[in-house]
Amino acid sequence: MNFPSSTLLIQSILAGIFTGALYGLLGLGLSLSWGMLRQINLAHFALAFLGAYLTYQFSTYGGIDPLLTLLMVIPVFFVVGMAVHWVITRFRMTPFNSLLVTFGLTIIIEAMLQWIWTADYRRLESTYAEHKLQIGTVYLPLPELITLGLSLSISLIIWQVLRRSDIGKAIRAAAEDGPIAAAFGINQQALGLLLSGLNASLAGIAGVCIALGYTLAPSQIYSWIGVVFACVMLGGLGRPMGPIIAGCIIGISEAVTMAVVSPSWAPLVSFSLLIIVLLVRPERIQA
């Protein structure tokens with residue numbers, strides 16, 4: 001076991017927070033879909049990487065600022081999310097069937113990514129990657145700060161909308177008891193389309209953040225699934241702030257484990273935490 005210096009330990013904790021913020025942003029749409037629509041949308045991860053590749057393409061070959069690609073990614077993904085929801089509800093799929101269908105959609109998107117961009121690794125070279133904020137001996141990379149800011153602000157906004165706005169209360173009511181909500185005139189289909197479009201847009205935003213800070217390869221879609229699922233279940237289904245809090249806990253645990261013990265131990269952290277929570281508080285994952 002290695003005992004890192006205080007600087008390395010602080011840098012590791014910050015790196016864990018930044019990574020956890022991305023986990024939380026990726027898990028936010030999945031948590032809302034699973035907890036409020038009863039749809040386990042595995043295609044969320046594939047959409048995120050599609051968004052990352054689109055950002056890479058627009059920025060590298062179109063000369064567009066990576067953050068400005070959000071203006072194109074968000075509306076397109078919103079429509080895609082509504083289309084996926086329409087198909088799932090049209091055929092009255094159970095949560096398990098939605099898992100299978102969206103897994104098939106994930107494979108289709110992965111194949112499309114390999115066909116267009118090949119399986120080679122690709123890296124977005126942007127001006128953001130060249131900037132780091134230094135506080136003493138600690139460095140804060142700009143792409144990670146952008147991801148943290150987006151993740152926190154989006155989670156807080158959605159949390160406030162669901163708690164205080166009429167449409168948020170309607171969504172929560174429909175998720176709690178659909179028949180009673182429908183009896184009071186709540187249009188569940190319209191709200192479902194709206195929420196699904198939002199969830200897909202969140203995947204696109206997460207994709208832009210992935211493009212800013214990570215090397216891209218189509219096969220990496222599956223490397224994020226396990227840890228993000230753990231964040232979603234640890235944070236609680238349908239809870240907007242849950243994934244980012246759980247993501248930061250997991251990210252810090254992984255980063256400190258890599259610094260103190262060994263990088264090979266890091267993947268065990270998230271699932272160990274998940275097993276402990278499921279054993280102690282199994283109701284935590286309920287919507």
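Reader: Which element supplies the largest share of the lining of the largest pocket?

Author: Rolling a probe the size of a water molecule over the atoms shows where empty space is left. On a 1 Å grid over the protein atoms alone, a pocket is an open set of points with protein on both sides within 12 Å along at least five of seven lines, whereas a cavity is a set of points where a 1.4 Å probe fits but cannot get out; lining residues have an atom within 4 Å of a point. In this predicted model, α8 gives five residues to the lining of the largest pocket, the largest share. Helices (H or I, at least four residues) and strands (E, at least two) are DSSP runs, numbered from the N terminus. At least two lining residues come from each of α1 (6–37), α3 (70–90), α6 (166–176) and α8 (188–213).

Reader: What should be kept in mind about numbering and confidence?

Author: Residues are numbered from 1 along each chain as its sequence is written. Local features need pLDDT of at least 70 and side-chain atom pairs count only at pLDDT 80 or more, while totals for chains, interfaces and linings use all residues; side-chain values use heavy atoms, with hydrogens and water left out.

Reader: What volume does the largest pocket have?

Author: A volume is the space filled by probe spheres set on the grid points, which are joined across faces, edges and corners. For the largest pocket, this volume is about 540 Å³. The pocket is lined by 19 residues, of which L37, Q39, H85, T89 and Q188 are the closest to its centre.

Reader: How is the lining of the largest pocket divided by class?

Author: Ala, Val, Leu, Ile, Met, Phe, Trp, Tyr, Cys and Pro count as nonpolar, Asp, Glu, Lys and Arg as charged, and the others, Gly among them, as polar. The lining of the largest pocket has ten nonpolar, six polar and three charged residues.

Reader: What volume does the second largest pocket have?

Author: The second largest pocket has about 280 Å³. Its lining consists of 15 residues, and M36, R172, L237, G238 and R239 are the closest to its centre. Here α1, α5 (142–164) and α6 each contribute at least two residues. The classes in this lining are eight nonpolar, two polar and five charged residues.

Reader: How many cavities of 30 Å³ or more does a search of the whole structure find?

Author: The search finds one. The volume of the largest cavity is about 110 Å³. Of its 14 lining residues, S33, N41, S196, N199 and A200 are the closest to its centre. Two or more residues of this lining come from each of α1, α2 (43–62), α3 and α8, with the largest share, four residues, from α3.

Reader: At what angle do the axes of α3 and α8 cross?

Author: Axes are lines fitted to C-alpha atoms, for helices over the stretch in contact, and angles run from 0 to 180 degrees between N-to-C directions. The axes of α3 and α8 cross at roughly 135° and come within 7 Å.

Reader: How do α2 and α8 pack?

Author: The axes of α2 and α8 lie 7 Å apart at an angle of about 50°, and the two helices are therefore oblique to each other.

Reader: Which strand does β1 join, and how many bridges are there?

Author: Two strands pair if DSSP finds at least two bridges between them. Strand β1 (residues 132–135) runs antiparallel to strand β2 (residues 138–141), with four bridges joining them. Opposite L133 stands L140 in β2. The two strands form a hairpin with two residues between them, and G136 in the turn has a positive phi of about 65°.

Technical notes. Angles under 35 degrees count as roughly parallel, over 145 as roughly antiparallel, 65 to 115 as roughly perpendicular and the rest as oblique.
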